[in-house]
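This briefing goes through one protein chain by topic. Please keep the sequence and the coordinates at hand while reading.

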Amino acid sequence: MIDGTAVDTRPTKIMYVAEATAHGGRNGFVTSQDGQLELKVAMPPALGGDGNGTNPEQLFAAGFSACFHNALVLVGRRAGLDLSGSTVAAKVGIGPNKQHGYGLAVALSVSLPVLDADVAAGLVDAAHEVCPYSNATRGNIEVTILLG
């Protein structure tokens, strides 16, 4: 929100569409339409499964961290900054919510080792406005960004 007004972050033009299909829910497999992704999925032990496969939370963490890192690189390049050695790690938690369903929470750990803390913080803020995952989750789930 800017000045109490909701900001519209919907795309004005779709440039790419990813397509994937789940077979068997959390204990099956997922495939992408183009054949680039074929993964066994399994419930993690913390949720009563055997953990013998990836899970949707790991996939979401991978997507969010890659997308946020790309947003950092984009805004860093625009500002002429050196992002050598930078990384973004994501943790995605799942648990019950008050509506008798389940919710997610995300923690992003950003490392910008060659930038001073104030410059790095400004870059992270700018990337958080650019990143499509940040825009999709803003106001929907808790996203914590740790700069270290």
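The notes below start with the chain as a whole and then turn to individual sites.

The model is predicted. Its protein chain holds three helices and six strands, and from the N terminus on these elements run β-β-β-α-β-β-α-α-β.

**Whole chain**

- The C-alpha trace of the protein chain spans about 45 × 35 × 35 Å along its principal axes.
- The protein chain has 148 residues, of which 26% count as buried.
- If contacts between residues at least 6 apart in sequence are taken, 47% of them join residues at least 24 apart.

**Cysteines**

- The count of disulfides comes to zero.
- The sulfur of Cys67 has its closest cysteine sulfur in Cys131, at 3.6 Å. Because a disulfide requires sulfur atoms within 2.5 Å, this pair is too far apart for a bond.
- Both partners are buried: Cys67 has a relative accessibility of 17%, and Cys131 has a relative accessible area of 0%.
- Cys131 is placed in the loop between helix H2 (117-130) and H3.
- Beyond its neighbours within four places in sequence, Cys131 is in contact with Phe64, Cys67, Phe68 and Ala71.
- Asn70 is 61 residues from Cys131 in sequence, while their C-alpha atoms are 8.0 Å apart in space.

- Asn135 belongs to helix H3 (residues 132-137).
- Asn135 counts as buried because its relative accessibility is 16%, and the cut-off for buried is under 20%.
- A polar atom of the Asn135 side chain lies 3.2 Å from the backbone oxygen of Glu129.
- Glu129 is also among the residues in contact with Asn135 once neighbours within four places in sequence are left aside; the others are Thr9, His128 and Val130.
- Val7 is in the segment before strand E1 (20-23).
- Val7 and Asn135 are 128 residues apart in sequence, but the distance from C-alpha to C-alpha is 9.7 Å.
- Val7 is partly exposed, with a relative accessible area of 44%, whereas Asn135 is buried at 16% relative accessibility.

**His100 and its loop**

- His100 sits in the loop between strand E4 (87-96) and E5.
- The phi of His100 is near 65 degrees, which is a positive value in a residue other than glycine.
- Most residues other than glycine have a negative phi.
- His100 counts as exposed, at 78% relative accessibility.

**Nonpolar surface patch**

- Leu47, Ile94, Tyr102 and Leu104 make a nonpolar surface patch of about 360 Å².
- Tyr102, one of the residues of this patch, is in strand E5 (residues 102-111).
- Tyr102 is classed as exposed because its relative accessible area is 62%, and exposed means over 50%.

Note on methods:
Residues numbered from 1 in each chain as written. Predicted model: local features only at pLDDT ≥ 70, side-chain atom pairs only at ≥ 80, totals over all residues. Heavy atoms only, no water. Patch = residues over 30% accessible without salt bridge, like charges linked within 9 Å, V, L, I, M, F, W, Y side chains within 5 Å. Areas by Shrake-Rupley, 256 points an atom, 1.4 Å probe, with all protein chains shown as cover. Salt bridge = Lys/Arg side-chain N within 4 Å of Asp/Glu carboxyl O. Helix = DSSP H or I, 4+ residues; strand = E, 2+ residues; numbered from the N terminus. Buried < 20%, exposed > 50% of the residue type's maximum accessible area, 1.4 Å probe, protein only. Polar contact = N/O pair within 3.5 Å; in protein donor to acceptor, adjacent residues only side chain to side chain. Contact = heavy atoms within 4.5 Å.
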